[in-house]
Amino acid sequence: MTGPRGYTYGSADLETSPVSLDDLRKIEETILWTDADRQALLRARPILEPRTDEILDVWYGYVGDHPFLIESFAGADGNPDPDYLAAVRERFKIWVVDLCSREHDQEWLNYQHEVGLRHTSAKKNLTDAVESPAAEIKLRYLIGFIVPLTATMRPFLAEGTSDPEELDAMYGAWFKGVTLTAILWSEPYSTSW
Ligand code: HEM
């Protein structure tokens with residue numbers, strides 16, 4: 001497998017997601033996901049893929065501006081751990097490309113399950129072998145991130161098209177993609193999912 005350290009998309013070692021493909025289709029219907037969204041994200045990919053470093057600068061700037069968020073990246077000494085931040089950054093960049101282009105199939109579901117767990121006390125800190133005092137990401141912030149991870153993308157998409165309808169299509173599809181991600185990643189947190 002290629003990709004950054006800890007990126008295990010498609011690995012046979014991943015657990016099968018407890019979310020079935022049938023569940024996934026119902027969630028997609030709930031958020032009004034259609035094939036037009038999939039096509040719009042495929043068109044967004046070549047706009048966003050060359051810009052993932054700049055996108056991550058924006059997102060990490062936002063996290064860094066909020067002490068209660070950056071503390072999730074603390075190392076053993078309680079300060080932000082640059083190696084941890086750097087390792088997650090590379091996987092985050094791939095997530096942008098994957099969200100634009102991966103099929104919503106069993107392999108994709110399994111990796112959503114894995115990354116959901118990596119935000120909970122079940123698996124946070126394991127992938128990068130950090131001894132962080134932050135044992136989990138709070139669900140409230142995971143849901144809250146839908147807004148900044150969506151809103152900050154609009155200027156990048158706008159630079160890739162001069163057609164307002166095309167911008168709306170890509171931006172709307174990105175919003176649905178981030179929402180779908182947060183829904184799937186919320187599964188390990190919830191007893192009534
Ligand atoms: C890991 C995205 C919410 C902190 C990651 C990764 C991605 C990501 C793509 C790397 C996944 C991989 O290992 O392949 C997102 C998205 C969120 C979200 C889409 C919400 C919609 C949050 C929040 C925080 C946070 C609210 C709190 C500051 C972290 C940390 C890791 C991580 C600390 C590393 C976890 C580990 O130890 O493996 N996130 N994230 N994330 N994220 Fe998030």
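Author: A residue is called buried if 20 or more other C-beta atoms lie within 10 Å of its own, exposed if 12 or fewer do, and partly exposed in between, with C-beta atoms placed from the backbone. Helices are DSSP runs of H or I with at least four residues, strands are runs of E with at least two, and both are numbered from the N terminus. This is a predicted model: local features need pLDDT of at least 70 and side-chain atom pairs count only at pLDDT 80 or more, while totals for chains, interfaces and linings use all residues. Residue numbers start from 1 along each chain, following the sequence as written.

Reader: OK, how many residues of α1 are buried?

Author: The count is 1 among the 10 residues of α1, which spans 21-30, and that helix is hardly covered.

Reader: And what does the backbone do just after α1?

Author: Leu32 takes a positive phi there, about 65°, although it is not a glycine. Most residues other than glycine have a negative phi. Leu32 sits in the loop between α1 and α2, and it counts as exposed because 9 other C-beta atoms lie within 10 Å.

Reader: Switching to the ligand. Which residues are closest to it?

Author: Arg91, Trp95, Arg118, Tyr141 and Phe145 are the closest, out of 26 residues that surround the ligand. The elements giving two or more residues to that shell are α5 (82-101), α6 (106-118), α7 (139-144), α8 (146-151) and α10 (164-185). For the shell, a residue counts if its C-beta atom, placed from the backbone, lies within 6 Å of the molecule.

Reader: Which element gives the largest share?

Author: That's α5, with 4 residues.

Reader: How many of the shell residues are nonpolar, polar and charged?

Author: There are 16 nonpolar, 6 polar and 4 charged residues. Nonpolar here covers Ala, Val, Leu, Ile, Met, Phe, Trp, Tyr, Cys and Pro, charged covers Asp, Glu, Lys and Arg, and the others, Gly among them, are polar.

Reader: Now packing. At what angle do α2 and α10 meet?

Author: About 105°, with the axes of α2 (residues 35-48) and α10 8 Å apart. That makes α2 roughly perpendicular to α10, a label for angles of 65 to 115 degrees; under 35 is roughly parallel, over 145 roughly antiparallel, and the rest oblique. The axes are lines fitted to C-alpha atoms over the stretch in contact, and angles run from 0 to 180 degrees between N-to-C directions.

Reader: Which residues make that contact?

Author: From α2 they are Ala36, Asp37, Ala40, Leu41, Arg43 and Ala44, and from α10 they are Ala169, Met170, Ala173, Trp174, Lys176 and Gly177. By class, that is 8 nonpolar, 1 polar and 3 charged residues. Contact means C-beta atoms, placed from the backbone, within 7 Å.

Reader: I've got my eye on Ser101. What does it touch?

Author: Leu42 and Arg45, leaving out residues up to four places away in sequence. Ser101 is in α5 and is partly exposed, with 14 other C-beta atoms within 10 Å. Its C-alpha is 28 Å from that of Asp83, 18 residues apart along the chain.

Notes. Two residues are in contact if their C-beta atoms, placed from the backbone, lie within 7 Å.
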